[in-house]
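Here is a short report on a protein model, written for a reader who has the structure on screen.

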Amino acid sequence: MEIKVLGPGCPKCKQTEQNVKDAVAETGVDATVEKVTDIMEIAGYGVFGTPSVVIDGEVKSVGKIPTKEDVKSWLNK
Amino acid sequence: MAEECCTPGGNIMILACSGGSNVGQLSNQAAIELTQEGFGKMFCLAGIGGHLGGFVQSAKDIPSMVAIDGCEVGCAKAILEHAEIPTKNYLVLTALGIEKNKDFNLKAEDIQKVKAAIRSVCE
């Protein structure tokens with residue numbers, strides 16, 4: 001599983017990345033977590049804002065910090 | 001990086017039908033000017049219509065949005081419905097008394113009228 005956290009690097013982005021990493025660690029899912037900070041690459045996902053979370057190419061959330069439980073629910077699908 | 005580098009809270013997503021008539025283009029021009037004035041941020045309705053994941057999810061997750069249709073055909077509203085996105089604030093420009101035609105020389109007074117109506121519907 002490939003997870004991308006889109007965001008230039010503000011506290012919201014960092015919190016999102018941490019929640020994603022925590023969810024991955026707690027579920028034991030085999031996944032890589034990549035932080036994407038390049039604006040052009042972020043724009044390519046067509047998101048209105050950041051932070052955003054993309055799992056295996058599917059945009060799961062935009063412009064908000066998902067909770068760890070939110071992320072776990074996406075990992076379990 | 002700066003605290004506000006991500007999406008600021010309260011940012012209004014503006015979706016205009018941008019259709020092929022004076023009222024369609026009025027919706028587009030008003031969306032552009034309101035974006036430039038910092039009232040909100042115009043977003044790609046076409047991306048939602050194409051069911052592109054990032055666009056659809058963005059519209060679902062945004063707390064505040066306004067959809068603007070030029071006429072009662074309601075293309076913008078239909079696009080949102082097809083993508084299962086709740087229409088939060090909605091405006092039809094012909095309902096403001098602006099007649100639909102093919103004159104693309106937009107009147108400044110109509111643009112101001114539309115912008116005021118959009119601001120009002122978002123209150």
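## The model

The model is predicted.

Chain A holds an open sheet of four strands, in the order S2-S1-S3-S4. The pairing in this sheet is mixed. At the edges lie strand S2, residues 32-36, and strand S4, residues 58-62, of chain A, each of which pairs on one side only. From one strand to the next, the twist averages 20°.

Strands of a sheet pair through backbone hydrogen bonds, and they do so either parallel or antiparallel. In which sense do strand S1 and S2 of chain A pair? Strand S1, residues 2-6, and S2 of chain A are parallel, and five bridges link them. Across from A:Val5 stands A:Lys35, which belongs to S2(A).

## The helix on the sheet

Helix H1 of chain A covers residues 11-27 and packs on the sheet. The strands that H1 touches are S1, S2 and S3 of chain A, where S3 spans residues 52-55. The direction of H1 makes about 160° with that of S1(A).

## The contact between the chains

How many residues does each chain bring to the contact? Chain A brings 21 residues and chain B brings 18 residues.

On the side of chain A that touches chain B, H1 and S4 of chain A each supply at least two residues. Which element gives the most to this side of chain A? That element is S4(A), with five residues. By kind, the residues on this side of chain A are 10 nonpolar, seven polar and four charged.

Methods:
Residues numbered from 1 in each chain as written. Chains lettered and ligands numbered in written order. Predicted model: local features only at pLDDT ≥ 70, side-chain atom pairs only at ≥ 80, totals over all residues. Pairing = 2+ DSSP bridges. Axes fitted to C-alpha atoms, helices over the stretch in contact; angles between N-to-C directions. Contact = placed C-beta atoms within 7 Å. Nonpolar A, V, L, I, M, F, W, Y, C, P; charged D, E, K, R; others polar.
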